[in-house]
Amino acid sequence: MKTLSAIILAICSAAAFAAGFDTSSAISEMKSTGKKIKMGKTEATGIYIMCMETVQIQNGDLALAQETAKLQARTAIAEFMNVQVSSHTKRTTVTKETVNNDEENFSQMEFMQKCMKKDVNQVQRGVAICSMEKRGERLTVFCLLMEKVVDATAQLEKAMKKLGPDTVQVSGTAFFGNGITQAAAEKAAMAEAQREAIAQVLGMSVVSSSARQTISSESVDNDGKENFSCDDSFKAKVFSSAAGFVESSRVVDKKVDGATVTVTIVAKVSRNKLMSDYRSYLESMGNPGFCVRSNNRDMLELCSGFFAGLGLRMVDNLYDSAYVIDVICDFNESEAAVRVVVKDKVSGNTLFSQENTPVSVNGRSQTALCRSILNQMKGELHQKLNTFIGRANADGRAVQVKILNYESDYRASIKAIEKALKMVPGVSNVRKKTQGSTILFTMNYKSETEDLADFLEKQIKVDIKRRSMRPVRGDVSNTSVEFCFE
């Protein structure tokens with residue numbers, strides 16, 4: 001039976017990925033052919049997918065470039081699996097495709113479908129850096145997803161439980177040389193490992209990514225089918241507050257290979273750390289707006305200032321909001337009571353609420369009374385907000401995709417759109433409802449709705465070949481994306 005450490009290292013450690021697998025030959029082949037994605041099979045990995053991504057190093061920030069490349073690879077692999085499965089299942093009823101690679105046969109489709117059955121975020125977290133190359137201000141990163149990671153999901157869950165709640169073993173890799181000392185590289189590798197630990201426990205949205213697609217060439221054949229190619233550019237922001245979520249960590253392994261150092265740590269991540277500023281967290285969720293409503297102007301202004309001080313983006317209208325904070329005041333001559341109710345605008349669900357202990361008016365002015373009540377409520381409100389944002393950051397916030405002008409002729413298109421939505425990185429819990437001529441998809445999502453619209457618009461062009469059967473992108477708000485059949 002595998003030991004706990006072996007299980008986790010086999011799944012989480014980038015260094016372990018290379019063990020028993022000649023990454024150099026696979027990398028050489030990708031360089032010579034110019035392919036960004038390579039699929040193969042070895043005894044050490046089972047079936048694997050390797051992805052090559054190159055990014056520009058902005059302002060000398062190597063850590064940012066490294067994280068950007070890894071996010072780009074995760075998205076590219078998710079897209080690759082979706083397109084491959086879609087094209088093969090549409091083309092034939094055979095669900096397996098035999099591939100001959102280095103004189104070894106393996107079933108590509110069997111592996112693809114196995115991955116598709118797993119939670120997409122779990123599969124993406126299995127993608128790890130196995131090699132990096134820096135040339136001037138450009139960084140090339142090779143990332144690997146292997147069958148043994150996909151197969152080991154259940155083992156991973158058991159191993160994590162043995163380590164303890166919210167404790168993981170992960171690795172980070174960094175360069176040294178060209179003015180960067182080995183000590184500085186070790187520090188950078190530790191920071192990268194901490195970000196990966198947070199991603200494993202809290203969700204990948206600790207690092208916010210935006211995928212932008214630009215169509216570079218386009219052609220339409222006589223049947224109305226469209227072929228196109230596109231160039232993808234990615235941006236990412238690594239939040240400096242990330243390390244604050246790691247309660248404790250210890251280095252269990254450190255390896256130096258050429259000009260790279262890999263640090264492996266066991267880290268305990270705090271899910272409920274009481275934050276003083278949620279700005280970074282909320283930006284990674286797409287920066288949702290909060291709208292305060294109240295029947296008392298003094299309480300409205302005081303509550304708006306309190307929540308804004310914690311980093312929430314306050315808006316003054318419901319359209320721009322994702323969450324609504326209702327502050328209901330019941331003041332009479334003898335006592336004053338206040339109830340705060342926070343709701344999700346999309347679902348209408350109450351996320352949390354709090355009431356004060358009624359206080360005596362005692363001749364105080366309304367402004368002084370409101371200040372006293374809010375001071376009484378601040379501590380518990382902060383705790384409840386902390387729990388809510390932590391949960392929303394891990395699970396995603398509620399957003400909608402509306403498909404307008406729907407008719408029965410578009411049934412196949414709606415199925416393709418639903419399938420594409422389930423493959424968008426950061427999307428989970430997709431639900432569908434038909435309301436007259438509108439198809440309404442509601443889901444949890446971890447990033448900006450603009451990114452969701454971009455990804456879906458591209459996927460629609462891949463999966464729905466006829467222009468006339470595609471909905472056209474419309475309005476995009478903080479909580480909603482619209483497409484419309486013309």
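Is cysteine 303 buried or exposed in this structure? Cysteine 303 is buried, with a relative accessible area of 1%, where buried means under 20% relative accessible area, exposed means over 50%, and partly exposed covers what lies in between (1.4 Å probe, protein chains only). The model is predicted, and for that reason local features need pLDDT of at least 70 and side-chain atom pairs count only at pLDDT 80 or more, while totals for chains, interfaces and linings use all residues. Residues are numbered from 1 along each chain as its sequence is written, and side-chain values use heavy atoms, with hydrogens and water left out.

**Cysteines and disulfides**

- A disulfide is a covalent bond between the sulfur atoms of two cysteines.
- When a disulfide is taken as a pair of cysteine sulfur atoms within 2.5 Å, the count for this structure comes to zero.
- For cysteine 303, the closest cysteine sulfur belongs to cysteine 329 and lies 7.4 Å away, which is too far for a bond.
- Cysteine 291 is also buried, and its relative accessible area is 4%.

**Salt bridges in the whole structure**

- A search of the whole structure finds 14 salt bridges, a salt bridge being a side-chain nitrogen of Lys or Arg within 4 Å of a carboxyl oxygen of Asp or Glu.
- One of them joins the side chains of glutamate 133 and lysine 31, with 2.5 Å from N to O.
- Because glutamate 133 lies in strand E5 (residues 128–135) and lysine 31 in helix H3 (residues 23–33), this pair ties together parts that are 102 residues apart in sequence.
- Helices (H or I, at least four residues) and strands (E, at least two) are DSSP runs, numbered from the N terminus.
- Lysine 31 counts as partly exposed, at 42% relative accessibility.
- Another salt bridge is formed by the side chains of arginine 279 and aspartate 277, at 2.6 Å from N to O.
- In that pair, arginine 279 is partly exposed with a relative accessible area of 39%, and aspartate 277 is partly exposed with 32%.

**A linked group of charged residues**

- The side chains of arginine 473 and glutamate 450 meet in a salt bridge of 2.3 Å, N to O.
- This pair links distant parts of the chain, since arginine 473 sits in strand E21 (residues 472–476) and glutamate 450 in helix H14 (residues 449–463), 23 residues apart.
- Arginine 473 counts as partly exposed at 24% relative accessibility, and glutamate 450 is partly exposed with a relative accessible area of 32%.
- Glu450 and Arg473 also belong to a network of salt bridges that links them with Asp454 and Glu457.
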